[in-house]
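Here are some friendly notes to read with the model open beside you. Take the points one at a time, and find each residue on screen before moving on.

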Amino acid sequence: MNFQSQLSVFAAPFANSGNLSNFLGVYRVTLSDWLDLWLTTYKKVSVRESTYENYLYAAALIKKYPLSRLDITDLKEHSLQKMLNALYEERYSKSTIRLVKITLSQSLEIAKRQEIIKKNPCKYLIMPDAPVKRVEALTFDEQTAVEQACAKVLFGDLMLFLLNTGLRRIELMQLKWEDYNPSTEEIYIRSSKTQS
């Protein structure tokens, strides 16, 4: 039984009382374990699936660093700032570093509210001045190379469909047959990230 399963079984009476600190005070809770608990308890049920996947991605990045194995009561602002700086040095985008910072801050704010930690060490973290990555369209040669590669692989036609329509993955997953109009060769997108 993993930590999350154990916690959900043993912590239920304390969680219902609204304060996990009585329960968690007995156990060592690493940042990694806390992120898992926070994601499944607070985020999975309250945000869109794509947003939840972004939080999962941020948590996975955090778990690459040794500080994720620290007890959450031992986290210090300078250690968290060093991790954000390391993400910058590894050339992660500004939006990714911001997502990591938000994930840490929100999860540890819940730990503070539950009286598991005394203060949120993320409060004064500074965003490194990471470059904003510019997304550029494929050149004609790059697009031709992608099309040729897609012709040779399983689901290559699906990749070509995404390339030629500009659909996002979530938009593709939400498509239904009734969204396609064969007479006009148009598809209807039910919900989109942008209005157009």
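1. A word on terms, to begin with. Helices (at least four residues) and strands (at least two) are DSSP runs, and they are numbered from the N terminus. With that in hand, the order of elements in this protein, read from the N terminus, is α-α-α-α-α-α-α-α-α-α-β-β. That makes 10 helices and two strands. Please keep in mind throughout that this is a predicted model.

2. The protein has 196 residues, and 33% of them are buried. A residue is called buried when its relative accessible area is under 20%, exposed when that area is over 50%, and partly exposed in between. You will need these cut-offs in several of the points below.

3. Which residues touch the most other members of the largest nonpolar core? They are Leu-31, Trp-34, Ile-72, Val-100, Leu-104 and Leu-108, in a core of 35 residues. Two or more residues are given to this core by each of H4, H5, helix H6 (77-89) and H7. H7 supplies the largest share, with seven residues.

4. Now for the aromatic rings. How many aromatic pairs does a search of the whole structure find? The search gives one. Its partners are Trp-38 and Tyr-55, arranged edge-to-face, with 5.4 Å from centre to centre and 90 degrees between the planes. Because Trp-38 belongs to helix H4 (residues 31-43) and Tyr-55 to helix H5 (residues 49-62), the pair ties together parts that are 17 residues apart in sequence. Are these residues buried or exposed? Trp-38 has a relative accessibility of 2%, so it counts as buried. Tyr-55 is buried too, at 8%.

5. Look next at Thr-30, in the loop between helix H3 (21-24) and H4. Its relative accessible area is 11%, which means that Thr-30 is buried. A polar atom of the Thr-30 side chain lies 3.1 Å from the backbone nitrogen of Asp-33.

6. Where does Asn-120 sit? Its place is in the loop between H7 and H8. With a relative accessible area of 10%, Asn-120 is buried. Its side chain makes a polar contact of 3.1 Å with the side chain of Glu-109.

7. Helix H7 (residues 94-113) provides the largest share of the lining, three residues.

8. Two backbone angles are worth checking. Most residues other than glycine have a negative phi. Glu-115, though, has a positive phi, near 65 degrees. Glu-115 is placed in the loop between H7 and helix H8 (140-150), and it is exposed, at a relative accessible area of 54%. Phe-155 has a positive phi as well, near 65 degrees. You will find Phe-155 in the loop between H8 and helix H9 (156-165). Is Phe-155 buried or exposed? Its relative accessibility is 56%, so Phe-155 counts as exposed.

9. Finally, compare separation along the chain with separation in space. Asn-54 lies in helix H5 and is partly exposed, with a relative accessible area of 41%. Between Asn-54 and Thr-96 there are 42 residues of separation in sequence, and their C-alpha atoms are 9.1 Å apart. For a second example, take Gln-143 in helix H8. At 27% relative accessibility, Gln-143 counts as partly exposed. Gln-143 and Leu-160 are 17 residues apart in sequence, with 9.8 Å from C-alpha to C-alpha.

Note on methods
Residues are numbered from 1 along each chain as its sequence is written. This is a predicted model: local features need pLDDT of at least 70, side-chain atom pairs count only at pLDDT 80 or more; totals for chains, interfaces and linings use all residues. Side-chain values use heavy atoms; hydrogens and water are left out. Rings of Phe, Tyr and Trp (its six-membered ring) pair if their centres lie within 6.5 Å; planes under 30 degrees apart count as stacked, over 60 as edge-to-face and the rest as tilted. Buried means under 20% relative accessible area, exposed over 50%, partly exposed in between (1.4 Å probe, protein chains only). A nonpolar core is a set of buried Ala, Val, Leu, Ile, Met, Phe, Trp, Tyr and Cys residues joined through side-chain atoms within 4.5 Å. A polar contact is a pair of N or O atoms within 3.5 Å; within protein, one must be able to donate a hydrogen and the other to accept it, and residues adjacent in sequence count only if both atoms are side-chain atoms.
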